[in-house]
Amino acid sequence: MKTEHDRMTECAAEAARVARAVSAAQLDNSATPCEGWDVRGLINHWVLYTSHGMEHRALRTEIPGELTTRDFTADADWAERYAAQLDRAVAAWSDPAVWEGTIGQGDSASPAADTAEMLIMETALHGWDVARATGQQFRLSDEAAGYVLEVVEKTAGLYRQYEGFAAEITVGNRVSGFERAVALSGRDPRWAAA
């Protein structure tokens, strides 16, 4: 759990850094690495699931319905609010007991540790999406990048079944571990905002 929580902490810190560098003008950009998403829609999804969703899963509570339709970017200080919510979410996962047992009910229940892996992966991959759409880089240590790659390798088939990932992008051998994770998730590591 300690290693995983360290990865969660690092990915959340990098997500907050990227969010703080998004300008108000960039929120209206239509091009992102995620087909069908503009920057504002992508950021709203990212904020909802990687901060509020992360905390609610740790607490074993449902995300309030009003959050699912909220435009977080309508607040001028949305990035600071996101950073603060990420801190709360990461803190909620700091208790080793949270990583035990399951999250969800019935057929949708899954081991808490698996849910945490998915949340860390989503924070990093959507963080990369937002970074690229706004002319930034999403930077992770080799250890965190390797962790994200392992999670993507383990879950890519399942995500493709539910159209969460596109087909793998072929890349050469001279890419980083994180770029391999990006490519395996169906994102082109060479994608750049026009």
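Is C11 buried or exposed? In this predicted model, local features require pLDDT of at least 70 and side-chain atom pairs count only at pLDDT 80 or more, whereas totals for chains, interfaces and linings use all residues. Residues are numbered from 1 along each chain as its sequence is written, and side-chain values use heavy atoms, with hydrogens and water left out. C11 is buried, at a relative accessible area of 1%; buried denotes under 20% relative accessible area, exposed over 50%, and partly exposed the range in between (1.4 Å probe, protein chains only).

A search of the whole structure returned zero disulfides, a disulfide being a pair of cysteine sulfur atoms within 2.5 Å. For C11, the nearest cysteine sulfur is that of C34, 16 Å away. C34 likewise counts as buried, at 12% relative accessibility.

Contacts of L140 (heavy atoms within 4.5 Å) include C11, A124 and F178, residues up to four places away in sequence not being counted.

Four aromatic pairs were found in the whole structure. Rings of Phe, Tyr and Trp (its six-membered ring) pair if their centres lie within 6.5 Å, with planes under 30 degrees apart counted as stacked, over 60 as edge-to-face and the rest as tilted. W93 and W99 form an edge-to-face pair, with 5.1 Å between centres and 70 degrees between planes. W93 is buried at a relative accessible area of 0%, and W99 is buried at 8%.
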